[in-house]
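Q: I have a model open and want to learn how to read it. Please take me through it one feature at a time.

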Amino acid sequence: MPKIDIRRPHQLSIGEARAVVDKVAARMREKFGMDGQWQGDTLQFSRPGVSGTIAVGSDAIQVKAELGMMLAPLKGMVEQEIRRKLDEHFA
């Protein structure tokens, strides 16, 4: 399965960064039907065809995802969209 692993530095507090991730997760739920649940400072998410985590650290956000067979050909596009969203919220 194709994997995505992106780390983006930030200068927010952990609480502020978590709030941003919550906002993005709510949008993912609306748009893609993605379920998410916090385990400490890590949001675990999944939907058919993709699963992963968004870890909030004191100085960086780490997004890891595994794409299923159906989404494998779209890995570049999915990765580009994740980077765009991280730039938008954490640049």
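A: Helices (H or I, at least four residues) and strands (E, at least two) are DSSP runs, numbered from the N terminus. This is a predicted model, where local features need pLDDT of at least 70 and side-chain atom pairs count only at pLDDT 80 or more, while totals for chains, interfaces and linings use all residues. Residues are numbered from 1 along each chain as its sequence is written, and side-chain values use heavy atoms, with hydrogens and water left out.

Q: Which residues line the largest cavity?

A: Look for Ala25, Met28, Arg29, Met34, Asp35, Gly36, Leu43 and Phe45. H1, strand S2 (35–39) and S3 each give two or more residues to that lining, with H1 giving the most, three residues. For classes, Ala, Val, Leu, Ile, Met, Phe, Trp, Tyr, Cys and Pro count as nonpolar, Asp, Glu, Lys and Arg as charged, and the others, Gly among them, as polar. That makes five nonpolar, one polar and two charged residues around the cavity.

Q: And pockets? What volume does the largest one have?

A: The largest pocket comes to about 700 Å³. It has 27 lining residues, and Met28, Phe32, Val78, Glu81 and Ile82 are the ones nearest its centre. At least two lining residues come from each of helix H1 (14–32), strand S3 (42–47), strand S4 (50–56), strand S5 (60–67) and helix H2 (75–90). H2 has the largest share of the pocket lining, nine residues. Sorted by class, the pocket lining has 20 nonpolar, one polar and six charged residues.

Q: Now a single residue. Where is arginine 47 found, and what does it contact beyond its sequence neighbours?

A: You'll find arginine 47 in strand S3. Contact means heavy atoms within 4.5 Å. Leaving aside neighbours within four places in sequence, arginine 47 is in contact with Phe32, Gly33 and Met34. Its side chain also reaches the backbone oxygen of phenylalanine 32 at 3.0 Å. Glycine 36 is 11 residues away in sequence, and the C-alpha to C-alpha distance from arginine 47 is 9.1 Å.

Q: Is arginine 47 buried, exposed or partly exposed, and what sets the label?

A: Buried means under 20% relative accessible area, exposed over 50%, partly exposed in between (1.4 Å probe, protein chains only). Arginine 47 has 31%, so it counts as partly exposed.

Q: Let's do charges. How many salt bridges does the whole structure have?

A: A salt bridge is a side-chain nitrogen of Lys or Arg within 4 Å of a carboxyl oxygen of Asp or Glu. The search finds 10 of them. Take glutamate 66 and lysine 3, whose side chains meet at 3.4 Å, N to O. That pair ties together distant parts of the chain: glutamate 66 sits in strand S5 and lysine 3 in strand S1 (residues 3–9), 63 residues apart. Glutamate 66 is partly exposed at 31%, whereas lysine 3 is exposed at 54%.

Q: Which residues does glutamate 79 touch, and which arginine does it bridge to?

A: Glutamate 79 is in helix H2 and, with residues up to four places away in sequence not counted, touches Ile4 and Ile6. Glutamate 79 forms a salt bridge with arginine 83, with the closest N and O atoms 3.5 Å apart, and another with lysine 75 at 4.0 Å, N to O.

Q: Why are glutamate 79 and lysine 75 about one helical turn apart?

A: Because they are four residues apart in helix H2. Glutamate 79 and arginine 83 are also four residues apart in H2, so about one helical turn separates them too. Glutamate 79 itself is buried at 17%, while lysine 75 is partly exposed at 27% and arginine 83 is partly exposed at 35%.

Q: Which residues are linked in a network of salt bridges?

A: Glu81, Arg84, Lys85 and Glu88 make up that network.

Notes:
1 Å grid on protein atoms, 1.4 Å probe; cavity = no way out; pocket = protein on both sides within 12 Å on 5 of 7 lines; lining within 4 Å. Points joined across faces, edges and corners; volume = space filled by probe spheres on them. Polar contact = N/O pair within 3.5 Å; in protein donor to acceptor, adjacent residues only side chain to side chain.
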